[in-house]
Amino acid sequence: MSPQFVDFDADGDLDLVAGTFDGSPHLARREGNGWRQPEQILDAEGVRITLGEFWDHDAKKWSKTTRGDLPGEAPATGHATSAIAFDDDGDGDLDLLLGDHKSGHVYRRENRGTAAAPKFARGNQRVLGGDAPIDVPGTVATLRLVDFDRDGRVDLLLSSMGDAYSDKAGGGVFWCRNIGEGKQARFGPLQTLVPVSTKGKEAANRPDSGLYAEAGDADGDGDLDLFVGGYSHWRPKGKELTAADQQRVQAIHAATAELQQELQRLTAEAQKASAGVADEAEAGKRYTEAYKAQKKERDQNRERMQKLTEELGTLVPAAQRRSFVWFYENTTPRPQ
């Protein structure tokens, strides 16, 4: 997710580093005119780098681990979906910063090897913003490195996920100024660039969830503007309902609830077919066979549900969610 071009192994070529939804940072090394297949980035002991949760590709399930927890620090309970390589201690090699999709914290894996042969520490160390751990409202979606205030030091640009499906609070865009001295980075408190979305709008006028921010001088005025991709959530304003319309809306809700109960009944029946079967493969086979036997009923249910949803939409506009890209001009006055 949100890949970074960086010379990861100091060979003069730009590689690709990216977090992925499996909870581990990945590396695609530059080779010829392209890149090799992505590989998981490993720590110095040859173990994949994770926070507290990860997708186990062998077991095909989500697993938990405390391997990266450090004494005296709160455990990293989430999974790392964003990652960037950054020499934050100024020793000439690239460390890793990991964004937690669950907690909103940012973690550091120190490179204890060299620029050409990285060896990453086993422990996840929380990155501070001022005197407290960075805590991004809406959880971390992306990490970016950019000299946002043009003072010659690389700052940290962060955007957040927010709630992606309901009316709960959305995401925003933030930055932590690099206030370190010399080559070592030290970040100041989290500052807001795009506030967290409260949603509830009648039109798509801002990114609400899944925010991905990039900075660049789009208008050539010497400061950095923002491009922000993400989902907008809105509900168009509907017409004034008559008494008959209101009665029909209530009837549609009741009919929809009945159809949902019917689907739950069908699912429970399919689950009975595999109840008490110890062998996982056999249990899955029996459930699948029972589910397929219900195809006609399920198709009819979905068709009725779709017609009711479409009719309801003509009376009460449905909530909308679409992805866009927004431009935010930097209007901060320039020093005279």
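Arg265 counts as partly exposed, at 34% relative accessibility, where partly exposed lies between buried (under 20% relative accessible area) and exposed (over 50%), with a 1.4 Å probe and protein chains only. The side chain of Arg265 meets that of Glu262 in a salt bridge of 2.3 Å, N to O, a salt bridge being a side-chain nitrogen of Lys or Arg within 4 Å of a carboxyl oxygen of Asp or Glu. Glu262 is likewise partly exposed, at 26% relative accessibility. An α-helix has 3.6 residues a turn, so residues three or four places apart point the same way.

These values come from a predicted model, in which local features need pLDDT of at least 70 and side-chain atom pairs count only at pLDDT 80 or more, while totals for chains, interfaces and linings use all residues. Residues are numbered from 1 along each chain as its sequence is written, and side-chain values use heavy atoms, with hydrogens and water left out.

**Helix α1 and the overall fold**

Helix α1 has 30 residues and spans 44 Å from its first C-alpha to its last, close to the 44 Å expected at 1.5 Å a residue; the expected span is 1.5 Å times one less than the number of residues. Its buried residues are Asp245, Val249, Ile252, Thr256, Leu259, Leu266 and Ala270, and they pack against α2 (280-293) and α3 (295-315). The protein holds three helices and 21 strands, where helices (H or I, at least four residues) and strands (E, at least two) are DSSP runs numbered from the N terminus.

The C-alpha atoms fill a box of roughly 70 × 60 × 45 Å along the principal axes, and 41% of the 336 residues count as buried. Of the contacts with a separation of 6 or more, 53% join residues 24 or more positions apart, contact meaning heavy atoms within 4.5 Å. The accessible surface comes to about 18500 Å², of which 51% belongs to carbon and sulfur atoms; such areas come from the Shrake-Rupley method with a 1.4 Å probe, and for residues only the protein chains shown count as cover.

**Salt bridges**

A search of the whole structure finds 30 salt bridges.

| Pair | N to O distance | Accessibility |
|---|---|---|
| Arg265 and Glu262 | 2.3 Å | Arg265 34%, Glu262 26% |
| Asp149 and Arg177 | 2.7 Å | Asp149 27%, Arg177 34% |
| Lys201 and Asp208 | 2.8 Å | Lys201 buried, Asp208 buried |

In the pair of Asp149 and Arg177, distant parts of the chain are linked, since Asp149 is in the loop between β15 (140-146) and β16 (155-160) and Arg177 is in strand β17 (residues 173-178), 28 residues apart. Elsewhere, Asp43, Glu45, Arg67 and Arg122 are linked in a network of salt bridges.

**Nonpolar cores and a surface patch**

The largest nonpolar core has 16 residues, and those with the most contacts inside it are Phe8, Ile41, Leu96 and Leu98; a nonpolar core is a set of buried Ala, Val, Leu, Ile, Met, Phe, Trp, Tyr and Cys residues joined through side-chain atoms within 4.5 Å. Strands β9 (80-86) and β10 (95-100) each supply at least two residues of this core, and β9 gives the most, with three residues. Apart from this core lies another, of 15 residues, among them Phe86, Leu97, Leu156 and Leu158. Leaving aside neighbours within four places in sequence, Ile41 is in contact with Phe8, Val17, Pro25, His26, Leu27, Val47, Arg48, Ile49, Leu96 and Phe120.

Trp35 is found in strand β5 (residues 34-35) and is partly exposed, with a relative accessible area of 36%.

**Positive phi values**

Most residues other than glycine have a negative phi. Ala10, in the loop between β1 (4-6) and β2 (15-19), has a positive phi near 55° and is partly exposed at 46% relative accessibility. Thr139, in the loop between β14 (132-133) and β15, has a positive phi near 70° but is buried, with a relative accessible area of 16%.
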